[in-house]
Amino acid sequence: KNIAKGFSDVQIKVREATSNDPWGPSGTLMNEIAQLTFNESDFIEIMDMIDKRLNDKGKNWRHVFKALLLLDYCLHVGSENVVLYARENIYVVKTLKEFQHIEENGKDVGANVRQKAKDITNLLQDDNRLKEERRQRQGMRDRMANVGDYLNETVRQYNGENAENGGRWDDENELKKALAESKRIAAEEERNRRQGDDDLEKALQLSQQEAAEKERKNREKLDKE
């Protein structure tokens, strides 16, 4: 479908991350898209597709909600150009604070979009907060990179490439420390990546619970008739 419509590989990634599927975009995919924003041509395609999703309507509320999740992620770990673009086009996000869509079961799923739009609007209007959150996320990434470099060096030493056999016991201890730190930072990064999944899951659970309750009441009504 995507290829038939002539979308590029980058656009397909964004469309996949903001699909109508009833689950959130994967952290791996969002991270990949965020890193692509550092390439100028990819950045333009990414923001253009996010903008299209943000302007979707009604039954495609998941397009809008997931586009907000992806935008939020890119604001934190993507290119500075994402921040500049979002601020220049903040009216698009602000408009979504009034987004409306009521499902057949009476659930106001638009509330999820409105809340996320409000959160992002507040973030974009607080320059110090956004800079600090971007700094913290970058610091975490730098620590992961440093651990990776140190880990590779320690492994080389442990294999005897740059050390005498007598030093292997210390190297093994250092290797364990590096592995533990790597796991800790990776877990922290994964928690951040999964935020989008958690937000969408909460929205869907509320919708499903109300749908199940409505169906139960309908069955009870039929049983009484």
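Helices (H or I, at least four residues) and strands (E, at least two) are DSSP runs, numbered from the N terminus. The model is predicted: local features need pLDDT of at least 70, side-chain atom pairs count only at pLDDT 80 or more, and totals for chains, interfaces and linings use all residues. Residues are numbered from 1 along each chain as its sequence is written, and side-chain values use heavy atoms, with hydrogens and water left out.

**View 1. The helices of the protein.** The protein has 10 helices and zero strands. Read from the N terminus, its elements run α-α-α-α-α-α-α-α-α-α.

**View 2. Helices H2 and H4.** H2 covers residues 27-36 and H4 covers residues 61-77; they pack at about 55°, with axes 9 Å apart. Axes are lines fitted to C-alpha atoms, for helices over the stretch in contact, and angles run from 0 to 180 degrees between N-to-C directions. H2 and H4 are therefore oblique to each other (under 35 degrees is roughly parallel, over 145 roughly antiparallel, 65 to 115 roughly perpendicular, the rest oblique).

**View 3. Residues between H2 and H4.** Gly 27, Met 30, Asn 31, Ile 33, Ala 34 and Gln 35 of H2 meet Leu 69, Leu 70, Tyr 73, Cys 74 and Val 77 of H4 (contact means heavy atoms within 4.5 Å). These residues divide into eight nonpolar, three polar and no charged. Ala, Val, Leu, Ile, Met, Phe, Trp, Tyr, Cys and Pro count as nonpolar, Asp, Glu, Lys and Arg as charged, and the others, Gly among them, as polar.

**View 4. Burial in the protein.** Of the 225 residues, 40% count as buried (under 20% relative accessible area; exposed is over 50%, partly exposed in between; 1.4 Å probe, protein chains only).
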